[in-house]
Amino acid sequence: MKPSISTSIGALTLERPTILASGILGISLNVFERLYRAGAGAVVTKSDVELVKKIVKKVKSLTNVPVIAKVGLGSTNYLETVGAAAEAGADGITAINTIRAMAIDVETKKPILSNKIGGLSGTPIKPIAVRCVYEISSKFNIPIIGCGGISTWEDAVEFILAGASAVQFGSVLGEHWAEVFAEINSGIQNYMEQKGFSSIGEMVGKAKRS
Ligand SMILES: Cc1cc2nc3c(=O)[nH]c(=O)nc-3n(C[C@H](O)[C@H](O)[C@H](O)COP(=O)(O)O)c2cc1C
């Protein structure tokens with residue numbers, strides 16, 4: 001029998017450890033509440049730990065479903081944001097969001113993006129995201145959803161070994177559509193079988209213990 005790839009994020013049990021990466025941008029309690037009422041499932045805030053605490057507490061008071069706070073590499077130490085979300089009662093952390101980046105067209109000598117700076121996602125950010133998951137899991141006892149540049153089952157396993165209980169991916173869907181979920185799930189399962197893991201839980205954070 002193949003090992004089970006079911007996993008848990010606090011009270012939330014997932015049949016499979018792979019989640020579609022998405023999110024909603026909001027910067028104030030007021031905006032958040034409107035988004036929440038409209039059905040939003042996630043929020044990203046400015047790098048303001050007090051605001052993070054307030055928003056997580058507010059969300060917790062609005063719902064009984066597990067609340068996952070997503071962090072990015074903002075201007076403050078992102079581990080402080082994780083600490084604020086954990087202290088306010090978040091059930092888990094998603095790490096990481098896109099990373100602010102820029103490209104300049106050498107012909108026109110102007111930034112390529114009209115906004116000048118945009119969010120970098122996909123393969124280039126993977127090692128940074130793995131590092132963040134490893135750091136968060138080393139410092140906090142909170143379930144983590146790893147995210148950033150995952151496109152293969154090996155990437156997903158890497159995040160799990162770094163400390164993630166589940167993984168998200170988005171950019172890869174630009175090249176390979178939804179079949180990538182099944183590929184990554186079966187790749188994880190085959191790896192578990194080969195390495196003798198009977199549950200995702202046994203693999204989580206293994207890189208810290210080996
Ligand atoms: C076009 C696009 C839009 C995104 N919008 C949001 C968003 O509104 N909120 C959010 O938290 N993350 C957003 N993200 C970030 C993704 O959820 C994810 O954290 C990031 O892309 C890294 O994962 P990936 O490399 O698998 O895409 C967006 C990413 C992309 C590419």
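Helices and strands are DSSP runs, numbered from the N terminus, with at least four residues of H or I for a helix and at least two of E for a strand.

What you see above is a predicted model, where local features need pLDDT of at least 70, side-chain atom pairs count only at pLDDT 80 or more, and totals for chains, interfaces and linings use all residues. Residue numbers run from 1 along each chain as its sequence is written.

So, the overview. The protein chain has eight helices and eleven strands. Of its 210 residues, 37% count as buried, and buried here is 20 or more other C-beta atoms within 10 Å of a residue's own, with exposed being 12 or fewer, partly exposed in between, and the C-beta atoms placed from the backbone. If you take contacts between residues at least 6 apart in sequence, 64% of them join residues at least 24 apart.

Let's look at some helices. H4, residues 126-139, has 14 residues and spans 20 Å from first C-alpha to last, close to the 20 Å expected at 1.5 Å a residue; that expectation is 1.5 Å times one less than the number of residues. Its buried residues include Val130, Val133, Tyr134 and Ser137. For the record, nonpolar is Ala, Val, Leu, Ile, Met, Phe, Trp, Tyr, Cys and Pro, charged is Asp, Glu, Lys and Arg, and polar is the others, Gly among them.

How do H4 and H5 pack? Their angle is about 25°, with the axes 8 Å apart. The axes are lines fitted to C-alpha atoms, for helices over the stretch in contact, and angles run from 0 to 180 degrees between N-to-C directions. H4 and H5 are therefore roughly parallel to each other; the cut-offs are under 35 degrees for roughly parallel, over 145 for roughly antiparallel, 65 to 115 for roughly perpendicular, and oblique for the rest.

On to H5, residues 153-162, against H6, residues 179-195: here the angle is about 60°, and the axes are 8 Å apart. That makes H5 oblique to H6. In H5, Trp153, Ala156 and Val157 meet Glu183, Ile184, Gly187, Ile188 and Tyr191 of H6. This contact divides into six nonpolar residues, one polar and one charged.

Now zoom in on valine 67, in the loop between H2 (49-62) and S4 (68-71). Is valine 67 buried or exposed? It counts as buried, because it has 24 C-beta neighbours inside 10 Å. Beyond its neighbours within four places in sequence, its contacts are Val56, Val59, Lys60, Ala90 and Asp91.

Most residues other than glycine have a negative phi, and most peptide bonds are trans. Alanine 95 and isoleucine 96, though, are joined by a cis peptide bond, with omega about 10°. Lysine 109 has a positive phi of about 65° without being a glycine, and lysine 116 has one of about 70°. Lysine 109 is exposed, with 7 other C-beta atoms within 10 Å, and lysine 116 counts as exposed with 11.

Terms used
Contact = placed C-beta atoms within 7 Å.
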